[in-house]
Amino acid sequence: GGEGSEGLASSESGGSGFSLAATAPPERRRPGGGGGSGSRPRYEVVRELGAEEVRWFYREDRKTWKPFIGYDSLRIELAYRALGPCGGGEPREGETAAVEPVCVRSGLYEVDVANSECYPVYWNQTEKIPVMRGQWFIDGTWQPLEEEESNLIEQEHLNRFKGQQLQESFDMEVSKPVDGKEAIHSLKLSRNHVDWHSVDEVYLYSDATTSKIARTVTQKLGFSKASSSGTRLHRGYVEEATLEDKPPQTSHIVFVVHGIGQKMDQGRIIKNTAMMRDTARKIEEKYFSNLATHVEFLPVEWRSKLTLDGDTVDSITPDKVRGLRDMLNSSAMDIMYYTSPLYRDELVKGLQQELNRLYTLFCSRNPEFEEKGGKVSIVSHSLGCVITYDIMTGWNPVRLYEQLLQKEEEELEDRWMSYEEQHLLEELYITKQRLREIEERLHGLKASTISKPPVLKFKVENFFCMGSPLAVFLALRGIRPGSSGSQDHILPRTICNRLLNIFHPTDPVAYRLEPLILKHYSNISPVQIHWYNTANPLPYEHMKPSFLNPTKEATSVTESESISTGPSPTTSPVMVRRHYGESITNIGKASILGAASIGKGLGGMLFSRFGRSSTTSSQTLETGKDGAEGEEKKATTVGTPPLPHSSSGFLEPTVELEHRIDFELREGLVESRYWSAVTSHTAYWSSLDIALFLLTFMCKHDQEETDKSNLDAI
């Protein structure tokens with residue numbers, strides 16, 4: 001490879017004069033503009049392919065071959081050349097081929113060059129991903145020829161043409177048909193043959209239309225199978241590989257935690273995370289390419305390592321409805337396991353250990369991550385949200401049991417009792433107190449010798465819940481709405497900077513979290529997640545609350561009255577939420593305009609406690625005719641929300657949440673409500689809207705510096 005690696009900008013034969021007028025593939029790009037190739041003569045000679053002209057490919061799920069980026073391909077090729085004396089991959093006799101695996105695809109995979117396969121670093125995968133070295137390529141698609149054929153053609157090409165000059169094909173008219181030209185050289189392969197009409201006009205002809213190579217070629221290029229026309233081949237890839245063509249450094253990792261039912265399909269979280277990663281890449285390229293933040297998604301597969309009950313539950317399942325019961329056993333059963341005191345700890349420990357294992361492994365492979373202040377977020381789905389929450393907060397049912405015991409003791413003290421009973425209770429109380437002191441002293445001694453490691457080895461920046469039943473678990477544990485609008489009420493900011501709860505409006509497993517912090521938020525609709533293609537969307541922190549249901553007083557006031565008198569905080573009608581399935585665009589417009597007209601937030605100016613709201617908040621909104629629905633024009637008065645009443649009947653000033661927590665996906669305009677209830681629980685993974693939403697919050701600190709001045713102005 002000496003000659004090849006000598007100048008990355010060196011040009012080469014095959015592709016130089018490749019373009020056929022019909023297909024017009026992209027021109028071969030050379031890094032470094034004219035500078036690198038300027039020193040070489042315009043007329044070149046045929047020599048061995050340089051490392052930068054070879055391109056390595058990988059193939060997932062038996063789909064087409066995908067090229068590795070230049071940085072990866074070049075490093076694989078250099079490792080390949082290190083294997084054998086002439087880069088043939090065959091070590092000399094007596095030598096052992098020991099080549100370090102090559103890290104590729106942003107560090108998520110490694111390539112074993114000797115066995116031509118690729119495998120993931122952070123998770124297990126039964127199917128190996130084959131990799132292939134491309135030297136000769138099919139015109140138009142730039143798919144590589146199979147390695148065997150490619151090696152034979154390359155060997156023949158060098159034997160016949162090495163040292164010969166290439167024509168200056170860039171200035172040549174290259175669309176001349178080759179039909180009339182005689183082949184100057186030919187090579188017979190098992191089911192096809194290759195004809196050289198000149199040094200850089202090489203065609204592949206199929207001898208048996210059933211052959212694999214002919215089939216792929218003819219289908220790709222749209223030829224009919226009967227067609228006798230050959231397929232143009234190119235030597236060297238369309239684009240030269242350079243070390244500059246490399247992925248950015250990861251500055252934010254996201255652990256993706258699965259929910260219930262993973263026993264049934266252990267590979268699903270890996271596929272789901274891959275979907276989320278691919279979707280996020282598209283969004284990153286479109287909207288965040290100028291930012292330093294690069295987000296990487298890692299699947300956390302915690303279920304398969306657990307033994308739990310072995311197969312006891314399977315053995316007690318009746319045979320008749322086995323299929324349906326298997327599905328229930330592996331989904332509903334996870335919830336039952338989690339509420340079982342016997343297995344709950346195993347589930348918690350399983351997820352906790354996997355999170356810490358992945359983080360430690362990532363940091364060992366990316367030593368700069370922690371030094372440069374890399375951040376960690378968690379995206380959890382379904383029951384995964386509850387387990388993640390319990391790991392972060394250290395919640396344990398034993399604590400709940402202790403609280404209940406304490407309550408019982410307090411109730412005992414309140415009732416009448418005999419002198420003897422009282423005396424015994426006092427003794428019990430003193431003994432318990434003494435026991436507690438001894439336990440604390442013992443714990444203190446232990447703590448001084450063994451410092452307890454933190455539950456998680458990292459601070460969580462954002463905790464995104466998707467389709468999460470967390471709220472209902474918290475409600476059943478006795479959490480009730482408080483009086484402060486802080487996230488600390490359910491998840492302290494010291495543990496996790498930001499909690500965000502994402503759900504599809506018809507997801508049967510999802511619950512809202514905001515009304516657990518402030519009760520009146522049950523009457524405020526969740527924030528609508530922007531469609532990914534919305535032009536200049538309003539930043540989420542500037543979106544004002546819109547209201548779900550009018551109160552009873554509001555309906556008794558006629559429209560004309562409310563408009564003429566200007567609404568008061570208790571009587572103004574609020575926006576009615578329409579039924580699902582109707583066009584969401586109107587609601588979107590109306591709620592944004594309505595929220596804007598409400599003015600400077602719910603606090604302060606709006607509620608001069610008992611007084612009327614300012615007249616600016618009573619603007620009338622017109623929702624025009626919607627093309628899809630042809631509705632009549634309706635004017636909706638958007639006023640101030642009804643204030644929550646205290647038990648004494650007086651109005652209490654309304655508290656706002658510090659940050660919104662509930663975010664709702666906008667429903668598709670055509671999807672059936674019942675069908676979406678079935679599919680919505682798993683609809684999160686490939687949603688572009690969600691990908692944009694996640695990246696918006698994870699890249700926030702990058703954008704905040706530039707936004708700070710704008711915020712001050714606002």
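The model is predicted, and it holds 19 salt bridges. Side chains of opposite charge can pair when their charged atoms come close.

**Around Glu296 and Arg281**
- Glu296 sits in strand E13 (residues 295–300) and Arg281 in helix H6 (residues 268–287), so their pair ties together parts 15 residues apart in sequence.
- A network of salt bridges links Arg277, Arg281, Glu284 and Glu296.

**Arg512 and Asp662**
- A salt bridge joins the side chains of Arg512 and Asp662, at 2.9 Å from N to O.
- Arg512 lies in the loop between strand E16 (496–503) and helix H15 (514–517), and Asp662 lies in strand E20 (residues 662–664), so the pair ties together parts 150 residues apart in sequence.
- Arg512 and Asp662 are both buried.

- Helix H9 covers residues 344–365, which makes 22 residues.
- From first C-alpha to last, H9 reaches 32 Å, close to the 32 Å expected at 1.5 Å a residue.
- The buried residues of H9 include Arg344, Leu347, Glu354, Tyr359 and Phe362.
- Arg365 forms a salt bridge with Glu110, at 2.7 Å from N to O.
- This pair links distant parts of the chain: Arg365 is in helix H9 and Glu110 in strand E4 (residues 109–112), 255 residues apart.
- Arg365 counts as partly exposed because its relative accessibility is 30%.
- Glu110 has 13% relative accessibility, so Glu110 counts as buried.

Key
Residues are numbered from 1 along each chain as its sequence is written. This is a predicted model: local features need pLDDT of at least 70, side-chain atom pairs count only at pLDDT 80 or more; totals for chains, interfaces and linings use all residues. Side-chain values use heavy atoms; hydrogens and water are left out. Helices (H or I, at least four residues) and strands (E, at least two) are DSSP runs, numbered from the N terminus. The expected span of a helix is 1.5 Å times one less than its number of residues. Buried means under 20% relative accessible area, exposed over 50%, partly exposed in between (1.4 Å probe, protein chains only). A salt bridge is a side-chain nitrogen of Lys or Arg within 4 Å of a carboxyl oxygen of Asp or Glu.
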